[in-house]
Structures are given as structure tokens and as C-alpha cells.
Amino acid sequence: MSYFGRISTGLFTAASVLAASTVAFAAAPAPAAAPSASERVTNPVAEFAGIDKITGRIITFDVYIDETVQFGALQVTPRVCYSRPDTEQPKTDSFVEVDEITLDRKIRRIFTGWMFAESPGLNAVEHAVYDVWLKGCKQKSDVPPPTAAKADTGKPKTEAAKPNAPAQPADAAPEPADDEPASAN
């Protein structure tokens with residue numbers, strides 16, 4: 001066989017192997033597509049933690065969306081609270097506004113932005129006395145929703161029960177009124 005014959009046989013063999021591997025690759029099942037990002041879950045309650053640096057107490061508190069809760073001198077108002085389904089990696093974030101009530105009773109905005117539960121130090125509110133950070137989002141809370149509290153205030157109030165007069169024994173005569181003279185029996 002000539003030099004060119006050997007090259008053409010080698011090329012033919014290489015082309016056959018390439019064609020066979022292409023057919024095998026095309027016949028192989030396609031890898032599963034990356035899971036599409038599912039819709040985020042909108043939650044009605046944001047769960048925060050706060051520390052009072054003077055006492056060292058850490059407090060966890062729930063706040064309904066668009067409601068304001070006071071923690072020390074801070075007022076915390078979440079505007080949205082998003083999470084992911086339980087089947088996915090947690091990604092919990094909330095857009096929050098935090099105001100400070102100053103000593104002269106003025107309200108001053110000290111934070112507006114996103115807080116991330118998985119990275120609490122990233123956008124936590126750091127105040128001289130109080131720190132606040134997002135712990136998570138919830139569908140339910142032990143705290144009654146604000147609509148229930150408002151509904152209670154809208155009900156007509158019943159009159160408070162009047163205290164009863166002190167009981168008198170049945171055989172005791174009623175005391176004379178101030179305008180009647182006491183009899184001298």
C-alpha cells in the first residue's frame with residue numbers, strides 16, 4: 001500500500017470513529033435542564049431579631065407587611081417579604097424601612113433597603129443602642145393580624161359595668177337622706 005493509501009485508510013477510520021461517536025452522543029439522553037428559577041413566595045409576615053446593646057437581650061418579633069412595630073427607639077416597617085419554596089435553597093429577602101425616634105421626638109429615617117436572612121450582617125441596621133436584622137418570612141404569625149385589631153376598635157363599646165352599691169342587710173332600715181332630718185326616736 002502506498003503512503004497516500006495508508007493516510008486515506010487512517011482518515012477513513014478516524015472519520016468512521018468520529019461518525020460513530022456523534023451518533024452515540026446524539027442518541028444519548030440530553031442532560032436534565034437546570035431547574036428554572038421558581039416563582040418567589042410572597043409572605044404576609046416578616047420575622048426580625050433585634051438586640052438591645054445595653055441589656056444584651058435579643059428579641060425576635062413578627063411584623064406584618066406595611067405595618068410598623070417599635071423596637072426600642074426604632075420603628076421597623078417591612079414593605080415586602082419574599083422567600084423560596086421549601087424544595088429550593090433558601091433565599092429570603094425583605095424591603096424594609098427603619099426610622100429612629102430621636103430624643104426631641106422627631107422621626108428620622110436611618111435605613112431603607114433590602115435585608116437578606118441568609119446574610120444578616122450584609123444589610124442589618126446598626127444603631128448606637130439597637131441592631132435589627134431579618135430572620136425570615138412567614139405565612140402565619142402568633143401575633144394577631146392588624147385587620148383583626150382594627151376590627152376590634154371599630155366595634156361599638158358597651159358601657160362598663162357600674163359597681164354595685166354595698167349590700168345592706170334586709171332588716172336594716174335605709175339611712176335618711178341628707179335633706180331629711182333624722183328622727184329622734
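**Exercise 1.** Does Phe95 count as buried, partly exposed or exposed?

*Solution.* Remember first that this is a predicted model. Buried means under 20% relative accessible area, and exposed means over 50%. Phe95 has a relative accessibility of 24%, so it counts as partly exposed.

**Exercise 2.** Find the aromatic pair that Tyr82 forms with Trp114, and work out how the two rings are arranged.

*Solution.* Start with the whole structure: a search of it finds five aromatic pairs. In the pair of Tyr82 and Trp114, the centres are 6.3 Å apart and the planes are 25 degrees apart. Planes under 30 degrees apart count as stacked, and this pair is stacked. Finally, check their surroundings. Tyr82 is buried, at 14% relative accessible area, whereas Trp114 is partly exposed, at 33%.

**Exercise 3.** Which geometry do the rings of Phe95 and Trp114 adopt, and why?

*Solution.* The ring centres lie 5.4 Å apart. The planes meet at 70 degrees, and because planes over 60 degrees apart count as edge-to-face, the pair is edge-to-face. Now look at the sequence positions: Phe95 belongs to strand 6 (residues 93–101) and Trp114 to strand 7, so the pair ties together parts 19 residues apart.

**Exercise 4.** What lies over the face of Tyr82?

*Solution.* Look above the ring and you will find Arg40, at 3.8 Å from the ring centre. Tyr82 is also the bridge partner, in strand 5, of Thr42.

**Exercise 5.** Trace the strands that pair with strand 5, including strand 1, strand 4 and strand 6.

*Solution.* Take them one at a time.

- Strand 1 (residues 41–42) runs antiparallel to strand 5, and two bridges join them.
- Strand 4 (residues 69–71) is also antiparallel to strand 5, with three bridges.
- Strand 6 pairs with strand 5 in the antiparallel sense over eight bridges. Here Pro78 stands opposite Val96 of strand 6.

**Exercise 6.** Why is strand 5 described as largely enclosed by the rest of the structure?

*Solution.* Count its buried residues: eight of the ten in strand 5 are buried, so the strand is largely enclosed. Tyr82 is buried too.

Definitions and conventions: Residues numbered from 1 in each chain as written. Predicted model: local features only at pLDDT ≥ 70, side-chain atom pairs only at ≥ 80, totals over all residues. Heavy atoms only, no water. Phe/Tyr/Trp six-rings, centres within 6.5 Å; stacked < 30°, edge-to-face > 60°. Buried < 20%, exposed > 50% of the residue type's maximum accessible area, 1.4 Å probe, protein only. Helix = DSSP H or I, 4+ residues; strand = E, 2+ residues; numbered from the N terminus. Lys NZ or Arg CZ within 6 Å of the ring centre and 35° of its normal. Pairing = 2+ DSSP bridges.
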